[in-house]
Amino acid sequence: MKILVTGGTGYIGSHTVVELQNAGFDVVIVDALFNSQKEVVDHIAAITGKVPEFEAFDLTDNKKTADFFKRHSDLTGVIHFAAHKAVGESVQHPIKYYRNNLVSLMNILEEMNTHGIQHLVFSSSCTVYGQADRLPVSESAPIKKAESPYGNTKQIAEEIITDTVHVSKLNAIALRYFNPIGAHESGLIGELPNGVPDNLLPYITQTAYGIREQLKVFGDDYNTPDGTPIRDYIHVVDLAKAHVKAIQRMVQGQMKQAFEVFNLGTGNGYSVLEVIKAFEKATGIKINYKIVGRREGDIEQIWADPSYSNRELGWKAERSLDEMVASAWKWEQHYRQ
Ligand code: NAD
Ligand code: WQD
């Protein structure tokens with residue numbers, strides 16, 4: 001069985017390709033290399049011993065997308081990671097985000113329909129919940145108005161998929177990721193942020209490596225035990241494994257509805273200061289940080305109720321926060337060297 005992984009040289013995509021290959025799937029990657037490098041294909045092959053097929057083009061180009069699907073009409077399913085993901089940039093350049101994230105999805109849905117490819121796994125995000133009224137947050141929690149155009153692309157994408165499933169043979173699973181961090185244990189693949197990182201973990205590892213002088217901790221006056229915001233950090237390898245479970249569920253005809261949604265989190269919340277302390281303990285390196293004002297748009301706290309995913313997907317996040325930060329540090333060192 002062959003799976004198309006869009007965005008497969010990216011951070012989560014590359015880890016998922018490894019897990020798919022390890023589970024016996026063949027993989028073809030499509031990635032325009034907007035936020036990743038072609039060498040990732042070699043690194044995947046070094047880990048698994050199998051070279052995934054790779055094509056570099058932009059999935060918003062409907063002609064190229066149609067041509068690709070004509071040549072790959074034997075696909076079993078599609079895992080669609082390809083998207084722009086920088087929240088702040090999406091506020092500055094909303095059209096860039098709406099066009100890229102939504103046109104690519106619509107092109108893929110049309111081609112899947114044309115070629116009778118039934119199974120789609122879509123990368124959604126816990127950002128759709130905003131600041132949830134009740135914690136932990138389950139899949140039935142209400143969707144809040146998006147804080148950014150990026151977040152809105154995830155909400156609209158879920159709606160586009162819902163409407164398409166109603167009128168076609170498409171089966172779809174949206175996976176709502178909490179905060180993916182860490183890297184493959186080999187240190188060969190990991191997160192490669194463009195320029196100055198927005199996210200906490202790459203900022204910590206780059207500060208530890210000496211690329212950034214000081215980490216700014218955005219606010220310690222939240223209503224949390226140590227005053228810093230709480231998130232559900234999840235190891236990217238655990239996250240990747242859930243995609244294999246989702247594809248298997250579809251292929252094996254185990255879905256309860258034609259469109260299903262699952263939270264991918266650990267169920268544990270950690271504060272920013274707890275993550276810094278875990279990193280310092282795991283690596284023995286002190287992080288130079290300073291408390292500054294809150295970052296606009298940040299929510300106070302969120303963590304997942306993963307019980308539905310645990311039960312229905314037969315999946316559970318297994319890796320600890322210590323393993324997450326240690327693997328992120330191993331990757332940063334390998335990459336820089
Ligand atoms: P990433 O930037 O590392 O990977 C995305 C890949 O998609 C990149 O390699 C990029 O070159 C490619 N791409 C983007 N637009 C494309 C297009 N039009 N055509 C072809 N390729 C294109 O990001 P990631 O962290 O691996 O995220 C993967 C998915 O998961 C995204 O949809 C993202 O929104 C979602 N997500 C990420 C997080 C997170 O914190 N990393 C959290 C929730 C959801
Ligand atoms: C985590 C915590 C920051 C950087 C974002 C997107 C979300 C999803 C995951 C895609 C927060 C604090 C961070 C820094 C800090 N992506 N922080 N100093 O904001 O929870 O989620 O990525 O779907 O949509 O919004 O993740 O890693 O940016 O922040 O103090 O330099 O770390 O304030 O409390 P976030 P993050």
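This is a predicted model: local features need pLDDT of at least 70, side-chain atom pairs count only at pLDDT 80 or more; totals for chains, interfaces and linings use all residues.
Reader: Let's move to the ligands. Which residues are the closest to ligand 1?

Author: Asp31, Asn35, Ser36, Asn100 and Tyr150 are the closest, in a shell of 26 residues. Then look for polar atom pairs. A polar side-chain atom of aspartate 31 sits 2.6 Å from an oxygen atom of ligand 1, and a side-chain N or O atom of tyrosine 150 is 2.6 Å from an oxygen atom of the ligand. The backbone takes part as well: a polar backbone atom of isoleucine 12 is 2.8 Å from a ligand 1 oxygen.

Reader: How much of ligand 1 does the protein bury?

Author: The protein buries 95% of the 820 Å² that ligand 1 exposes when taken alone. The elements giving two or more residues to its shell are α1, β5 (119-125) and α6 (149-166), and β5 has the largest share, with three. Sorted by class, the shell holds 13 nonpolar, nine polar and four charged residues.

Reader: Asn100 was on that list. Is asparagine 100 buried or exposed?

Author: Use the cut-off here: buried means under 20% relative accessible area. Asparagine 100 is at 10%, so it counts as buried. This residue is found in helix α5 (residues 94-114). Its side chain makes a polar contact of 3.4 Å with the side chain of asparagine 101. Not counting residues up to four places away in sequence, asparagine 100 touches Phe34, Asp58, Thr60, Ala83 and His84.

Reader: Now ligand 2. What surrounds it, and which residues are the closest?

Author: The shell of ligand 2 has 19 residues, the closest being Ser125, Tyr150, Lys216, Arg231 and Asp298. For polar pairs, a polar side-chain atom of aspartate 298 lies 2.5 Å from an oxygen atom of ligand 2, while a side-chain N or O atom of serine 125 is 2.8 Å from a ligand oxygen. Lysine 216 uses its backbone: a polar atom there is 2.7 Å from a nitrogen atom of ligand 2. Taken alone, ligand 2 exposes 690 Å², and the protein buries 87% of that.

Reader: Which elements supply at least two residues of that shell?

Author: α7 (200-209) and β8 (215-218) each do, with β8 giving the largest share, four residues. The classes come out as 10 nonpolar, four polar and five charged.

Reader: What about serine 124: what does it touch?

Author: Serine 124 lies in strand β5, and at 2% relative accessibility it counts as buried. Beyond residues up to four places away in sequence, serine 124 touches Lys154, Glu158, Ala174, Leu175, Arg176 and Tyr177.

Reader: Last one, the backbone. Which peptide bond is cis?

Author: As a rule, most residues other than glycine have a negative phi, and most peptide bonds are trans. In this model, the bond from leucine 135 to proline 136 is cis, with omega near -5 degrees. Proline 136 lies in the loop between β5 and α6.

Reader: And where is leucine 33 placed?

Author: Leucine 33 is in the loop between β2 and α2. Although not a glycine, leucine 33 has a positive phi of about 60 degrees. Its relative accessible area is 27%, so leucine 33 is partly exposed.

Technical notes: Residues are numbered from 1 along each chain as its sequence is written. Chains are lettered from A and ligands numbered from 1 in the order in which they are written. Side-chain values use heavy atoms; hydrogens and water are left out. Buried means under 20% relative accessible area, exposed over 50%, partly exposed in between (1.4 Å probe, protein chains only). A polar contact is a pair of N or O atoms within 3.5 Å; within protein, one must be able to donate a hydrogen and the other to accept it, and residues adjacent in sequence count only if both atoms are side-chain atoms. Contact means heavy atoms within 4.5 Å. A residue is near a molecule or strand if one of its heavy atoms lies within 4 Å of it. Accessible areas come from the Shrake-Rupley method with a 1.4 Å probe; for residues, only the protein chains shown count as cover. Ala, Val, Leu, Ile, Met, Phe, Trp, Tyr, Cys and Pro count as nonpolar, Asp, Glu, Lys and Arg as charged, and the others, Gly among them, as polar.
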